[in-house]
Amino acid sequence: MKTNVGLWIDHRRAVIVSLNKQVETTTRIISDMEKHVRYSGAAEEDSAEDQRDRRFAGHLQKYYDKVVSSIHDADAILILGPGEAKLELKSRLENESLGGHVVGIE
């Protein structure tokens, strides 16, 4: 039984559409994350901005954990979306030995 997944993702939400034996399932995962803004200029060591960056990165990892657990059984994964999230997820899937299941990124 082959499962195909189409996944639209950004840093705020993921929409996962799975097709298995002509049955379509749609799942939405919300990250509950504010937009990440990086300011330029001189920064002090361990500044408040650095702390926000670490919290953002930690929150992203938990979000990607949820997404990966939702698609770990997929035989073929197509990743869609704007920005960096799709590439970050692809890297995460490669680390989880699921990179071979990714058939495309748009």
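User: Hi! Among contacts in the protein chain between residues at least 6 apart in sequence, what share join residues at least 24 apart?
Analyst: Hello! That share is 53%, where contact means heavy atoms within 4.5 Å. Keep in mind that this is a predicted model, where local features need pLDDT of at least 70, side-chain atom pairs count only at pLDDT 80 or more, and totals for chains, interfaces and linings use all residues. Residues are numbered from 1 along each chain as its sequence is written, and side-chain values use heavy atoms, with hydrogens and water left out.

User: Let's zoom in on β4. Which strands is β4 joined to?
Analyst: Five bridges join β4 (residues 76-80) to β1 (residues 3-9), and the two run parallel. Three bridges join β4 to β5 (residues 102-105), also parallel. Isoleucine 79 in β4 stands opposite leucine 7 and opposite isoleucine 105 in β5. The chain gets from β4 to β5 through helix α2 (residues 85-95), and this β-α-β crossover is right-handed. Right-handed means that, with the strands pointing away from the viewer, the path from the first strand over the helix to the second runs clockwise.

User: New topic: which residues have the most contacts inside the largest nonpolar core?
Analyst: Those are Leu7, Ile9, Val67, Leu89 and Leu93, in a core of 22 residues. A nonpolar core is a set of buried Ala, Val, Leu, Ile, Met, Phe, Trp, Tyr and Cys residues joined through side-chain atoms within 4.5 Å.

User: Which element gives the most to this core?
Analyst: That would be α1, with seven residues. Isoleucine 9 touches several residues beyond four places away in sequence, including Tyr63, Val67, Ile79 and Leu89.

User: What about serine 31, buried or exposed?
Analyst: Serine 31 is buried, with a relative accessible area of 4%. Buried means under 20% relative accessible area, exposed over 50%, and partly exposed in between (1.4 Å probe, protein chains only). Serine 31 lies in the loop between β3 (23-30) and α1 (48-71).

User: Which residues is serine 31 in contact with?
Analyst: Leaving aside neighbours within four places in sequence, serine 31 is in contact with His11, Arg12, His59 and Tyr63.

User: Last one: how much of the protein chain counts as buried?
Analyst: Of its 106 residues, 32% count as buried.

Conventions:
Helices (H or I, at least four residues) and strands (E, at least two) are DSSP runs, numbered from the N terminus. Two strands pair if DSSP finds at least two bridges between them.
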